[in-house]
Amino acid sequence: MGTKDVKPTRSELIELKKKIKLSQSGHKLLKMKRDGLILEFFEILNQAKGVRNELDDAYNNATEKIGIAEAVEGRMVIKSTALALKDGPEISLESHNIMGVVVPKIEASSVHKPINKRGYGILGTSSYIDEAVDSYEILVDKIILAAEIETTMKRLLEDIEKTKRRVNALEFKVIPEMQEAMDFIRFRLDEMERENTFRLKRIKA
């Protein structure tokens with residue numbers, strides 16, 4: 001808002017005062033939201049670090065177990081067992097709200113199955129294959145959890161950046177420009193009042 005575009009009237013001054021008050025109130029609320037989102041982000045970041053470590057451990061364990069099973073049973077048996085597996089995990093995607101930010105909630109079922117529900121013959125396989133399947137079920141569980149947490153972090157970070165930009169725009173551009181316009185109107189009104197007073201004195205004289 002440039003001072004050239006401002007009408008130096010009392011009604012404009014009153015309107016500007018209202019706008020400044022509203023902008024300051026919005027600025028305060030946005031700062032509170034930004035700070036709250038940052039706290040939420042760091043809390044989830046700590047969870048993410050733990051989940052990422054668990055995911056790495058689960059991946060290393062699954063790789064080791066499948067390596068042992070392949071060495072004992074052979075690659076063909078592993079492939080045929082994998083093809084025999086039935087009913088993959090069922091994923092349902094919901095959402096919930098964190099301070100106005102919609103984040104995903106991933107629910108998974110049928111990830112961990114009893115041995116007799118996996119689809120391959122129990123008698124035709126060894127415990128090495130069972131351990132490999134167990135380790136991969138755990139890995140899938142960790143992947144789903146990591147996906148939920150990391151997507152939540154990404155959305156929170158995007159909203160933090162957006163809120164930060166709005167806070168800065170209000171603090172360093174919108175409110176100062178309106179205050180400058182208000183000061184200009186006050187100056188012009190005072191100037192006009194002095195001119196009127198001077199004119200009245202001359203007329204009286």
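**Exercise 1. Determine whether lysine 105 counts as buried, partly exposed or exposed, and find its salt-bridge partner.**

Step 1. In this predicted model, lysine 105 has a relative accessibility of 33% and therefore counts as partly exposed, given that buried means under 20% relative accessible area, exposed over 50%, and partly exposed in between, with a 1.4 Å probe and protein chains only.

Step 2. A salt bridge requires a side-chain nitrogen of Lys or Arg within 4 Å of a carboxyl oxygen of Asp or Glu, and lysine 105 forms one with glutamate 148, where the closest N and O atoms are 3.9 Å apart.

Step 3. This pair links distant parts of the chain, since glutamate 148 lies in helix H3 (residues 127-204) and lysine 105 in strand S2, 43 residues apart; helices (H or I, at least four residues) and strands (E, at least two) are DSSP runs, numbered from the N terminus.

Step 4. Glutamate 148, at 12% relative accessibility, counts as buried.

Conventions: residues are numbered from 1 along each chain as its sequence is written, and side-chain values use heavy atoms, with hydrogens and water left out. Because the model is predicted, local features need pLDDT of at least 70 and side-chain atom pairs count only at pLDDT 80 or more, whereas totals for chains, interfaces and linings use all residues.

**Exercise 2. Describe how strand S1 and strand S2 are joined.**

Step 1. Strand S1 (residues 90-98) and strand S2 (residues 101-109) run antiparallel and are joined by 9 bridges, where two strands pair if DSSP finds at least two bridges between them.

Step 2. One of the contacts involves lysine 105 again, as the bridge partner in S2 of glutamate 94.

Step 3. The two strands form a hairpin with 2 residues between them, and methionine 99 in the turn has a positive phi of about 50°.

**Exercise 3. Characterise the salt bridges between glutamate 161 and lysine 164 and between glutamate 70 and arginine 75.**

Step 1. The closest N and O atoms of glutamate 161 and lysine 164 are 3.9 Å apart, and these residues, being 3 residues apart in helix H3, are separated by about one helical turn.

Step 2. Glutamate 161 is partly exposed at 35% relative accessibility, and lysine 164 is partly exposed at 34%.

Step 3. The side chains of glutamate 70 and arginine 75 meet at 3.0 Å, N to O; glutamate 70 is partly exposed at 28%, while arginine 75 is exposed at 52%.

Step 4. By the stated rule the count comes to 12 salt bridges, and a network of salt bridges links Lys33, Asp159 and Lys162.
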